[in-house]
Amino acid sequence: MTVLAQGTLVVSCQSAPGNPLHAPESMALMARAAEAGGAGAIRANGAADVAAIRAVTALPIIGINKLGDPSGVFITPTFESAIDIVRAGADLIALDGTLRPRPDGQRLDQQIARIHAELGVPVLADVDTLEAGIAAREAGADLVASTLSGYTNGHTPSGPDVELVRQLVAKLDCPVVAEGRVRTPDDVRAVCDAGAYAVVVGYAITNPMDITARLVSAISTS
């Protein structure tokens, strides 16, 4: 059960508080621009952004709901956090699929089963390791993504975790999505060569503030 076509580029249209683009209207414009450029799906955070994006595109939307402490499980951490996202128009729910304890004390398989049964949409598990990916698939996840690699152990690499994508593809019987620090065409080719079913790109497309800051930092003042 998946709403994503193989070979899809998913554009993550998100903006954090403090970013001038932090508004549903801005994310809807980003989604329209991404679709015009050839994106096959959108990833969005929060019911307001999902609803605004749904109003301007028929592309599949991967919905998430970031709640709670970012140092723990905070990407759609509970069943209840998924309800409004689906009502707003998400076609697929992404959630934290790591082995860390969930804030409501429920097991991952319980959350996924309720999403399937009560909301009727597929689930993508964002994981950080091969072990977590295997466990997420066993828990019922329809797709598994490398999203959280490098964000749970205190060390964040500079590029995508191509090796984790390769390992997940070799071990899982479901689509594997590459996400996390994919910034260039070479990055996209690398994860596709590793077997990625689809690729998610975020800040490299939809965060001009971050892109500008990185380019400014490269200017020598000497």
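I take a salt bridge to be a side-chain nitrogen of Lys or Arg within 4 Å of a carboxyl oxygen of Asp or Glu. By this criterion, Arg 43, Asp 126 and Glu 179 are linked in a network.

**Basis.** I worked on a predicted model, in which local features need pLDDT of at least 70 and side-chain atom pairs count only at pLDDT 80 or more, while totals for chains, interfaces and linings use all residues. Residues are numbered from 1 along each chain as its sequence is written, and side-chain values use heavy atoms, with hydrogens and water left out.

**Entry 1: the pair Arg 43 and Asp 126.** I counted twelve salt bridges in the structure. In the one between Arg 43 and Asp 126, the closest N and O atoms are 2.7 Å apart. Helices (H or I, at least four residues) and strands (E, at least two) are DSSP runs, numbered from the N terminus. I then looked up accessibility, where buried means under 20% relative accessible area, exposed over 50%, and partly exposed in between (1.4 Å probe, protein chains only). Arg 43 is buried at 2%, and Asp 126 is buried at 0%.

**Entry 2: strand S4.** I found five of the five residues of S4 (residues 92–96) buried, so the strand is largely enclosed by the rest of the structure. I treat two strands as paired if DSSP finds at least two bridges between them. S4 pairs with strand S3 (residues 61–64) in the parallel sense over two bridges, and Ile 62 stands opposite Leu 92. From S3 the chain passes through helix H3 (residues 80–88) to S4 in a right-handed β-α-β crossover; with the strands pointing away from the viewer, the path from the first strand over the helix to the second runs clockwise.

S4 also pairs with S5 (residues 123–126), in the parallel sense over four bridges. There I identified Asp 126 as the bridge partner of Asp 96. The chain crosses from S4 through helix H4 (residues 108–119) to S5, again as a right-handed β-α-β crossover.

**Entry 3: two further salt bridges.** Asp 96 forms a salt bridge with Arg 100, with closest N and O atoms 2.6 Å apart. Asp 96 is buried at 0% relative accessibility, whereas Arg 100 is partly exposed at 24%.

I also examined Asp 210 and Arg 214, whose closest N and O atoms are 3.2 Å apart in their salt bridge. Being four residues apart in helix H9 (residues 208–217), the two are separated by about one helical turn. Asp 210 is partly exposed at 26%, as is Arg 214 at 37%.
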